[in-house]
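Please keep the picture open while reading.

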Amino acid sequence: EADAGAVLVPMAERLSAATAARLSRVLDEREVGFERDGVSRRWPAQVAVVALDEGQADDAPPPEALTDRLALRADLRELSLRDCGEPAASPEAVARARERLAGVEVPEPLLRALCATALRLGVDSPRASLAALRATRAAAALRARARANDDDAQLAARLVLGPRATRLPPPPDEAPQAQEPPAPPPPPAPPAPPPAGEPAPEQESATPPPAALEDLLIAAAQAVVSEQWLAALRSRERAREAGRVGELSASPRGGRPVGSRAGLPRGGARLNLMDTLRAAAPWQPLRRREAVQAARMAPRPASGPAAAHTTHTTHTANPSSQGARTAGTSRPLRLHVHACDLRVSRLQQRAATATLFVLDASGSSALHRLAEAKGAIHLLLADCYVRRDQVGVVAFRGARAEVLLEPTRSLVRARRSLAALPGGGGTPLASALEAALRMAGQVRRAGSVPVVVLLTDGRANIDRSGQPGRAAAEADALQAARLLRAQHLTSLVVDTSPQPAPAARRLAAEMGAAYRALPYAGAAALSAAVQALPRPGA
């Protein structure tokens, strides 16, 4: 029914995961499917979704599966109807802009700048970059332009990328060098004069250099980020510098209480009695009146000896009490509680940390750092035993990677697995990163926070299929490193070569990991470097 229209979702913070998944499927496939008992039907459903987050500060946010697919975000907490002016464009102008939308062209430098801006702001979802691209084309179409320029991209950065920022862009190490601006593209044919009621097309400007364009988009995105959000981002970055504990996560059964939420006490959730009574208290006068009216409209029992006996028993019960002799005081006060009043406790606890060591046991690394890496793991395992954290070990040599130790707290098992680890052979780096990614997924499903520590020189020479070839092996390793970065894993790359190697530094950049080059450090220094690694959620 909402095809070619909009779907309004009030109280999106209370939306169930199943309903959010159905809405997300409609947004992706642009149709509604029905399959049951051998009957399959499809209806077109190209809709726009407007989700209203009406939760408080301590409420859970709307489901991420739905919010990731919503392009524009607006903060209406300090906005009133008096602050809203006239619409920027008339309905007729919007309709004509839709007709021009398919023909709007976005230059390649503009597209690259949008993607680079999203990465610098910590917006890793590719849907955000696609939404920014669509917003750029829509802005150009509303301004009656056939080719988007930097003004349209700045508007898209403010509307799409700014509200999604998760980190502050790092300051430039040095002032950018002056660059020759590229030759401007040939001017397009002048557009036809717009009809009445539509703004005149603006003159197109030359595209600035890529570095300058990224700075413009970053500044536009930061302009819409509130000072409170920027302060929260700065404090979060400062807290991560020395964090050593797991992130705070919701726990249905145990942990520290952090408020309550509406819900039923099932699935391990605990009923919060006081908050339930507070939610039901304001509705008692209205519900009592409704109960009295319902009692009056209910059919009365038939008269007879049984009815007279029942009435007599009710009024003469407990005749010695003062309340029974006083009319209206023999009935206890009833509290009307509905299902919408029920509140369950919200609990949080810090998840345990699992440090996953990925050891390069190939011929080149075994000559230099394998013994020191084993010693560092022994020291770290003793520290993890005190903190009740876990440690897992993945070693790679020859043609494949091998899981030596599943995440555990056992010091004896770790020592046995490391003592039997030989060195020599090729470097299947891509296979090792994939094994670490699988182990990190298992750790997350178990409720812990994985931290990946990779000890290698970065010189891969065995590809994913186990065949030798340096070029293919390096390409597979970089692709696997990007997968780890997409999973937002906290990771550290320790360069075990005698001198800092560019291959290991490039691998750390693709992983989004911290880089440490310790050519002369021993096991104690390596252990200290891992202990200083930021933990998420600290």
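Helices and strands are here taken as DSSP runs, a strand being a run of E with at least two residues, and they are numbered from the N terminus. In this predicted model, Asp 360 is part of strand β8 in that sense. With a relative accessibility of 3%, Asp 360 counts as buried, because buried means under 20% relative accessible area. Asp 360 and Phe 396 are 36 residues apart in sequence, yet their C-alpha atoms are 5.5 Å apart in space.

**The chain as a whole**

The protein contains 19 helices and 13 strands, and of its 538 residues 35% are buried.

**Packed helices**

Two packed helices are described by the angle between their axes and the distance between the axes.

| Helix pair | Angle between axes | Distance between axes |
|---|---|---|
| α16 and α17 | about 15° | 8 Å |
| α17 and α18 | about 35° | 7 Å |
| α4 and α5 | about 135° | 10 Å |

Helix α16 covers residues 429–445, helix α17 covers residues 470–486, and they pack at an angle of about 15°. Angles under 35 degrees count as roughly parallel, so α16 is roughly parallel to α17. The crossing of these two helices, α16 and α17, is left-handed. On the side of α16 the contact involves Leu 429, Ala 430, Leu 433, Glu 434 and Leu 437, and these meet Asp 476, Ala 477, Ala 480, Ala 481, Leu 483 and Leu 484 in α17. Sorted by class, the contact of α16 with α17 has nine nonpolar residues, two charged residues and no polar ones.

Helix α17 also packs with α18, at an angle of about 35° and with the axes 7 Å apart. From α17 this contact draws on Glu 474, Ala 477, Leu 478, Ala 481, Arg 482, Leu 484 and Arg 485, while α18 supplies Arg 506, Leu 507, Ala 509, Glu 510 and Met 511. The residues in the contact of α17 with α18 divide into seven nonpolar and five charged, with no polar residues.

By class, the contact of α4 with α5 has seven nonpolar and two polar residues, and no charged ones.

**The nonpolar cores**

Which residues touch the most other members of the largest nonpolar core? Of the 31 residues in this core, they are Leu 429, Leu 433, Leu 454, Leu 507 and Met 511. The elements that give two or more residues to this core are the strands β8 (353–360), β9 (390–397) and β11 (449–456), together with the helices α16, α17 and α18 (502–511). Helix α16 gives the most, with eight residues. If residues up to four places away in sequence are not counted, Leu 433 touches Leu 454, Ala 477, Ala 480, Ala 481, Leu 484, Leu 507 and Met 511. Another core, of 27 residues, lies apart from this one, and Val 106, Leu 114, Ala 156 and Leu 161 are among its members.

**Some single residues**

Arg 470 belongs to helix α17 and is partly exposed, with a relative accessible area of 43%. When neighbours within four places in sequence are left aside, Arg 470 is in contact with Arg 459, Ala 460 and Asn 461. Between Arg 470 and Thr 427 there are 9.6 Å in space, C-alpha to C-alpha, although these two are 43 residues apart in sequence.

Met 11 is found in the loop between β1 (6–9) and α1 (17–29), where its relative accessibility of 39% makes it count as partly exposed. The phi of Met 11 is near 50°, a positive value in a residue other than glycine. Arg 30, in the loop between α1 and β2 (31–36), is not a glycine either and has a positive phi of about 60°.

How values were computed. Residues are numbered from 1 along each chain as its sequence is written. This is a predicted model: local features need pLDDT of at least 70, side-chain atom pairs count only at pLDDT 80 or more; totals for chains, interfaces and linings use all residues. Side-chain values use heavy atoms; hydrogens and water are left out. Axes are lines fitted to C-alpha atoms, for helices over the stretch in contact, and angles run from 0 to 180 degrees between N-to-C directions. Helices (H or I, at least four residues) and strands (E, at least two) are DSSP runs, numbered from the N terminus. Angles under 35 degrees count as roughly parallel, over 145 as roughly antiparallel, 65 to 115 as roughly perpendicular and the rest as oblique. A crossing is left-handed if the near helix is turned anticlockwise from the far one by less than a right angle, and right-handed if clockwise. Contact means heavy atoms within 4.5 Å. Ala, Val, Leu, Ile, Met, Phe, Trp, Tyr, Cys and Pro count as nonpolar, Asp, Glu, Lys and Arg as charged, and the others, Gly among them, as polar. A nonpolar core is a set of buried Ala, Val, Leu, Ile, Met, Phe, Trp, Tyr and Cys residues joined through side-chain atoms within 4.5 Å. Buried means under 20% relative accessible area, exposed over 50%, partly exposed in between (1.4 Å probe, protein chains only).
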